[in-house]
Amino acid sequence: MESIITLCYGMTVLLGVAALAIQLLLRQKDMLVADSGIKENNTTIFFVMIAALNIIDFLYYYFWQVKLYNYENIMLAVDNAFWTVLAYYFIEFERKFARQPRERYMGIVFSLIVAGNLVLDFVNISDKAYYTVYLLLGGIVWLFISVKGTRYTVRIFHTSLGINRGVILLYDAAFLFECVEDALLSLYYRSGGDYMIGEDLVSILIWLILSSTNLYLVWKSCRRDSTFEEGLNLAAKRYGFSDGERAVAALLLEGKSNVQIADALAMSESAVKVHNHRLYKKLEVENRVQAVNKLRNS
């Protein structure tokens with residue numbers, strides 16, 4: 001079992017680093033992508049944090065294996081704090097793609113949770129008290145992910161065109177599962193239960209799936225090949241797009257905003273809006289979301 005867990009940790013770290021490296025290459029070369037959200041700075045930061053958390057998890061497990069318990073305790077404290085930071089940033093990540101205003105109190109609440117986790121890991125209290133407080137802090141994180149994450153996800157499904165929605169749903173489910181798992185384990189250990197190695201396997205399998213998904217997402221996104229062009233050409237021929245309208249349609253499919261389209265095509269924003277209006281009319285739709293959906297299904 002331990003060898004399988006070690007292998008999974010190693011694969012997760014490698015996949016996470018590979019996804020980050022490809023994403024950085026896409027940004028540096030400014031390559032065309034199917035989903036523009038892949039090249040966002042927010043995506044880079046999120047990938048960096050996931051890779052860092054996976055490395056921290058690996059080090060924590062390694063120190064436990066070789067019985068370096070002092071280092072293990074340090075990595076546990078860092079891991080708990082970093083996981084909370086990642087949960088906060090994921091909510092912020094969703095908020096930005098949902099185009100919602102920032103709520104400053106969330107940063108304060110999560111900062112207090114991080115501080116509480118760090119203090120909790122270094123004070124000398126009973127296991128029962130430790131897991132009681134840990135359960136309370138984790139419950140607050142779960143509450144925010146459930147309420148805010150769900151709200152932003154619904155908003156993304158209605159408005160955002162620049163990020164893969166299936167991945168957002170997968171991460172929502174993974175974070176909620178981690179919160180529930182932590183809560184159940186806290187209750188188990190609070191009642192005097194012994195360490196179960198299976199808990200590490202479940203957790204690392206989740207992150208292995210997520211890291212694999214990230215790598216697949218960036219790889220698929222950068223493969224904007226003849227299939228994409230052929231589909232766009234077919235739609236342009238079917239609906240009678242002009243060259244300008246076809247160019248705008250291609251960038252709409254990438255999730256670009258009007259300002260970004262204007263910069264890319266060296267035209268004014270008002271000209272972009274004119275092209276958009278003509279595209280909507282030819283596609284027989286009323287807004288951008290409907291236009292993109294129809295183009296993707298053409």
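Here is a chat about a predicted model, going from its nonpolar cores to its helices and loops.

Biologist: Hi! Which residues touch the most other members in the largest nonpolar core?

Modeller: That core has 47 residues, and Phe 46, Trp 83, Tyr 171, Phe 175 and Trp 207 touch the most other members. Keep in mind that this is a predicted model.

Biologist: Which elements give two or more residues to this core?

Modeller: They are helix 1 (2-29), helix 2 (41-65), helix 3 (69-98), helix 4 (104-122), helix 5 (127-159), helix 6 (165-190) and helix 7 (198-222). Helix 3 gives the most, with 10 residues.

Biologist: And what does Trp 83 touch?

Modeller: Leaving out residues up to four places away in sequence, Trp 83 touches Leu 53, Val 141, Ile 145, Phe 175, Glu 178, Cys 179 and Trp 207. Apart from this core lies another one of 21 residues, including Tyr 239, Ala 250, Ile 261 and Val 272.

Biologist: Back to helix 3. At what angle do helix 3 and helix 4 pack?

Modeller: The angle is about 170°, and their axes are 8 Å apart. Angles over 145 degrees count as roughly antiparallel, so helix 3 and helix 4 are roughly antiparallel to each other.

Biologist: Which residues meet there?

Modeller: Among them, Leu 76, Ala 77 and Tyr 88 are on the helix 3 side, while Met 106, Phe 110 and Phe 122 are on the helix 4 side. The residues of this contact divide into 13 nonpolar, 4 polar and 1 charged.

Biologist: New topic: how many residues does helix 1 have?

Modeller: Helix 1 has 28 residues and reaches 41 Å from its first C-alpha to its last, close to the 40 Å expected. Its buried residues include Ile 5, Tyr 9, Leu 20 and Gln 23.

Biologist: Why does Gln 23 count as buried?

Modeller: Buried means under 20% relative accessible area, and Gln 23 is buried because its value is 0%. Not counting residues up to four places away in sequence, Gln 23 touches Ile 38, Lys 39, Glu 40, Thr 43, Thr 44, Phe 47 and Val 218.

Biologist: Now the loops. What is phi of Ala 266 near?

Modeller: It is near 55°, a positive value in a residue other than glycine. Most residues other than glycine have a negative phi. Ala 266 lies in the loop between helix 10 (258-265) and helix 11 (269-283), and counts as exposed at 72% relative accessibility.

Biologist: What about Glu 284, buried or exposed?

Modeller: Glu 284 is exposed, with a relative accessible area of 69%. You'll find Glu 284 in the loop between helix 11 and helix 12 (288-296), and its phi is near 60°, a positive value.

Technical notes:
Residues are numbered from 1 along each chain as its sequence is written. This is a predicted model: local features need pLDDT of at least 70, side-chain atom pairs count only at pLDDT 80 or more; totals for chains, interfaces and linings use all residues. Side-chain values use heavy atoms; hydrogens and water are left out. A nonpolar core is a set of buried Ala, Val, Leu, Ile, Met, Phe, Trp, Tyr and Cys residues joined through side-chain atoms within 4.5 Å. Buried means under 20% relative accessible area, exposed over 50%, partly exposed in between (1.4 Å probe, protein chains only). Helices (H or I, at least four residues) and strands (E, at least two) are DSSP runs, numbered from the N terminus. Contact means heavy atoms within 4.5 Å. Axes are lines fitted to C-alpha atoms, for helices over the stretch in contact, and angles run from 0 to 180 degrees between N-to-C directions. Angles under 35 degrees count as roughly parallel, over 145 as roughly antiparallel, 65 to 115 as roughly perpendicular and the rest as oblique. Ala, Val, Leu, Ile, Met, Phe, Trp, Tyr, Cys and Pro count as nonpolar, Asp, Glu, Lys and Arg as charged, and the others, Gly among them, as polar. The expected span of a helix is 1.5 Å times one less than its number of residues.
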